[in-house]
Amino acid sequence: MTPRLTTDIWVSAYLTRLRLADIPVFVTRKGDATAGSVLVKLNTLDGQAQAFQRSFDLMTGDRAWVVLAEGPETDVDASLVKQSGFDPDLWIIEVEDRQGRHLLDDPSLA
């Protein structure tokens with residue numbers, strides 16, 4: 001079994017990476033520091049948004065970020081509210097970038 005970072009350490013690293021790239025980011029919901037799940041909302045500041053969640057592939061053992069919801073920002077926000085109702089330990093991170101950068105594909109954040 002591969003050792004994993006606690007959620008608060010991963011979130012801290014993610015926020016730092018985004019800020020170093022001059023991409024505005026905010027923690028809009030803070031969950032469990034040790035093992036909370038993380039959803040990332042990408043707001044492109046044009047009324048549209050995407051929400052990403054981490055997915056685990058049982059066949060390969062790989063973890064990847066996949067789209068949970070996308071479309072009008074209000075619809076994505078409603079999906080995030082619904083998810084937070086299911087999981088009280090959930091973190092929600094909002095990234096604001098007109099270019100659509102979220103850095104979730106950065107290998108250093110894997």
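Is Val66 buried, partly exposed or exposed? At 33% relative accessibility, Val66 counts as partly exposed (buried means under 20% relative accessible area, exposed over 50%, partly exposed in between, with a 1.4 Å probe and protein chains only). The model is predicted, so local features need pLDDT of at least 70, side-chain atom pairs count only at pLDDT 80 or more, and totals for chains, interfaces and linings use all residues. Residues are numbered from 1 along each chain as its sequence is written, and side-chain values use heavy atoms, with hydrogens and water left out.

Val66 sits in strand 4 (residues 63-72). Helices (H or I, at least four residues) and strands (E, at least two) are DSSP runs, numbered from the N terminus. Leaving aside neighbours within four places in sequence, Val66 is in contact with Ala51, Phe52, Gln53 and Ser55 (contact means heavy atoms within 4.5 Å). The C-alpha atoms of Val66 and Leu104 are separated by 9.8 Å. These two residues lie 38 residues apart along the chain.

The overall fold comes next. The protein chain has 2 helices and 5 strands. Along the sequence, the pattern is α-β-β-β-β-α-β. The radius of gyration is 14 Å, close to the 13 Å that the globule rule gives for 110 residues, so the protein chain is as compact as a globular protein of that length. This radius is taken over C-alpha atoms, and the globule rule is 2.2 Å times the number of residues to the power 0.38. The C-alpha atoms fill a box of roughly 40 × 30 × 25 Å, taken along the principal axes. Of the 110 residues, 35% are buried. Among contacts between residues at least 6 apart in sequence, 68% join residues at least 24 apart. The accessible surface of the protein chain comes to about 6800 Å². Carbon and sulfur atoms account for 53% of that surface. Accessible areas come from the Shrake-Rupley method with a 1.4 Å probe; for residues, only the protein chains shown count as cover.

Strand 5 (residues 91-96) is mostly covered. Of its 6 residues, 5 are buried. Strand 5 pairs with strand 1 (residues 25-29) through 4 bridges, and the two run antiparallel. Strand 5 is also joined to strand 2 (residues 38-43), by 6 bridges, in a parallel arrangement. Two strands pair if DSSP finds at least two bridges between them. Val95 in strand 5 is the bridge partner of Val25. Val95 is also the bridge partner of Leu42.

The largest nonpolar core has 17 residues (a nonpolar core is a set of buried Ala, Val, Leu, Ile, Met, Phe, Trp, Tyr and Cys residues joined through side-chain atoms within 4.5 Å). The residues with the most contacts inside this core are Trp10, Tyr14, Val38, Val40, Ile93 and Val95. Helix 1 (7-20), strand 2 and strand 5 are the elements that give two or more residues to this core. Helix 1 gives the most, with 5 residues. Tyr14 touches Val40, Ile93, Val95, His102, Leu103, Leu104 and Leu109, not counting residues up to four places away in sequence. A second, separate core of 8 residues includes Leu39, Ala69, Val76 and Leu90. In soluble globular proteins, nonpolar side chains tend to be buried together.

Charged pairs were also located. The structure holds 5 salt bridges (a side-chain nitrogen of Lys or Arg within 4 Å of a carboxyl oxygen of Asp or Glu). Glu73 forms a salt bridge with Lys41, with the closest N and O atoms 2.7 Å apart. This pair links distant parts of the chain: Glu73 is in helix 2 (residues 73-86) and Lys41 in strand 2, 32 residues apart. Glu73 is partly exposed, with a relative accessible area of 22%, whereas Lys41 is buried at 2%. Lys41 forms a salt bridge with Asp77 as well, at 2.6 Å between the closest N and O atoms. Lys41 lies in strand 2 and Asp77 in helix 2, so the pair ties together parts that are 36 residues apart in sequence. Asp77 is partly exposed, at 29% relative accessibility.

The side chains of Asp97 and Arg101 meet in a salt bridge with an N to O distance of 2.9 Å. Asp97 is buried, with a relative accessible area of 6%. Arg101 is partly exposed, at 29%. Salt bridges that share partners join Lys41, Glu73, Asp77 and Glu94 into one network.
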